[in-house]
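Subject: Structure handover

Hello,

Here is the structure I promised to pass on. Please open it first, then read my notes below.

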Amino acid sequence: MIDIQHLYAGYDHDILHDLSFSVNKGEMFGVLGPNGSGKTTLLKALNGTLPIRGDVVIQGRPIRQMTAKETAREMAVLPQHHDVSFSTTVEQTVLIGRYPYQKGLFKQWTKEDYRIAEEVMEQTGVTRFRHQSLLSLSGGERQRVFLAQALAQKPGILLLDEPTNHLDFSYQKQMLDALKQWSLKDGLTVIAIFHDLNLASMYCDRLLLLDQGSIRALDEPEEVLEVGHLSEVYQSEIHVHAHPSFSKPFTNVVPSYQDQKPEAVISPDHLEVSESRVYYKSLRPLKCYSSAVLNPGFGWFEEFMNIQVDHSFRCEDPAGYLITEAERYGCQTYRTVGMMTAAKVTDASTVFVEKEDFTVLVVVTAGTGNAVDVVHNNRHMQEAVPGTINTWVFIDGHLSEQAFAQSLMTATEAKVKAVTDMDIKDPLSGTTATGTSTDSILIAGTQQGTVLEYGGTISSLGRAVGPAVYKASKEAIARYLDRKEEGI
């Protein structure tokens, strides 16, 4: 669709240096880079408004051989800023986009021009403003009007300089959703400058990362949005993770300031055990991964509660129940991880391990009334019953993503070993149980101090977590069995 070969462009000196790349028909192509990297210069070079050396070829024709009207029929531009010094209505502004198709000495809008203007105003959500002055609109509303004007040209290529700059969140999504749909369904080629790396990642098929007028990276988002590229080009510490909902990279900048909250200290002194719950309050948020009922998965949390419920407890909305309980206790629900258990929480077992450069606190509540051998789990009915072995592992250290996963495995292996050594049986299969039907687990790190890269069974962290979980699990199960034997 558009082919760029050995492109040099600038004003009194070259800003772009020897750029060569192609953009395919129907592709949504994002241009990234810090201020001064040449992004806007590139768009001006592509639309023919800036002298260039090299070639820009559209549909097989060099742009330097095309008239202004011919270029406008192939390519429309939505700049970052618009000079609005005189009042026209929204409809009149959009109709200006039909100028490349006017013929003859006496130029008038045709029925086709009005039809297309109506179509693009509807697409961009500005129809209700059609008779209003452009000057009466907000910056975001004007941006959508100028997008409609560009679309009225019916171009094959649409160039956009920070298209979401003046739009609030909802309109950013609406505009980018619409652009993506037009690229997919109508074959519109979109070349857009982005400052928001995450929007570029979500919507673009490929990304071009410019660094001081040269190509630093050009590929799919997964390849371009890479820590090494971004940290060097933007001169900032940038982390890249998988997006939680889509197969796209997700970036975030790491601030350099230090907040005023006290350091998180993992200590049994922060643990409270009452007749109805086990509760832990951290001095600052901990990074957590859990299978909790309230706020499961990854997140940052300060309060942790394990609520005791009756053995006959059944609830269609367990998360809602825990929200109510958290609020009753005065917890901030968005900062709280919540679990529930049918075991007596007063029988919770705690093991605290102090190593030379990190500490570990393990808290386990346990009951084995719904014990299951995972190999024979098909004999059990699928039933929403409260979990009976809940394991908390708090670690004062900086865990990698790998350490979170490995610590989870280590803790689970230790729990299974404890259940096995306590000779807990699956009542339906008669075989040794591996846990209960709804066990929950939590791994939480302060993300400060010693970097703990690994959490496997023979790593330094694993050597602390495994024995601690094993000991706490055995103690909690033993207390449960003593109560059962005594009929309490």
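How many positive and negative side chains does the protein chain have, and how far apart do the centres of the two sets lie? There are 44 positive and 61 negative side chains, with the two centres 6 Å apart. Lys and Arg count as positive, Asp and Glu as negative, while His and the chain ends are not counted. Each charge is placed at NZ of Lys, CZ of Arg, CG of Asp or CD of Glu.

A word on the source. This is a predicted model, in which local features need pLDDT of at least 70 and side-chain atom pairs count only at pLDDT 80 or more, while totals for chains, interfaces and linings use all residues. Residues are numbered from 1 along each chain as its sequence is written, and side-chain values use heavy atoms, leaving out hydrogens and water.

Now the overall picture. The protein chain holds 12 helices and 24 strands. Both are DSSP runs numbered from the N terminus: helices are H or I with at least four residues, strands are E with at least two. The chain is more spread out than a compact globule, because its radius of gyration is 31 Å, well over the 23 Å that the globule rule gives for 488 residues. That radius is taken over C-alpha atoms, and the rule is 2.2 Å times the number of residues to the power 0.38. Along its principal axes, the C-alpha trace spans about 105 × 45 × 45 Å.

Burial comes next. Of the 488 residues, 49% count as buried. Buried means under 20% relative accessible area, exposed over 50%, and partly exposed in between (1.4 Å probe, protein chains only).

Helix 11 covers residues 401-421. Its 21 residues reach 31 Å from first C-alpha to last, close to the 30 Å expected at 1.5 Å a residue. The expected span is 1.5 Å times one less than the number of residues. Buried residues in helix 11 include Phe404, Gln406, Thr410 and Lys415. Asp423 follows the helix, with a positive phi near 60 degrees.

Two other residues also deserve a look. His6 is not a glycine, yet its phi is positive, about 50 degrees. His6 sits in strand 1 (residues 2-10) and is partly exposed at 46% relative accessibility. Gln235, also not a glycine, has a positive phi near 50 degrees. Gln235 lies in the loop between helix 9 (227-234) and strand 11 (238-242). At 66% relative accessibility, Gln235 counts as exposed.

Best wishes
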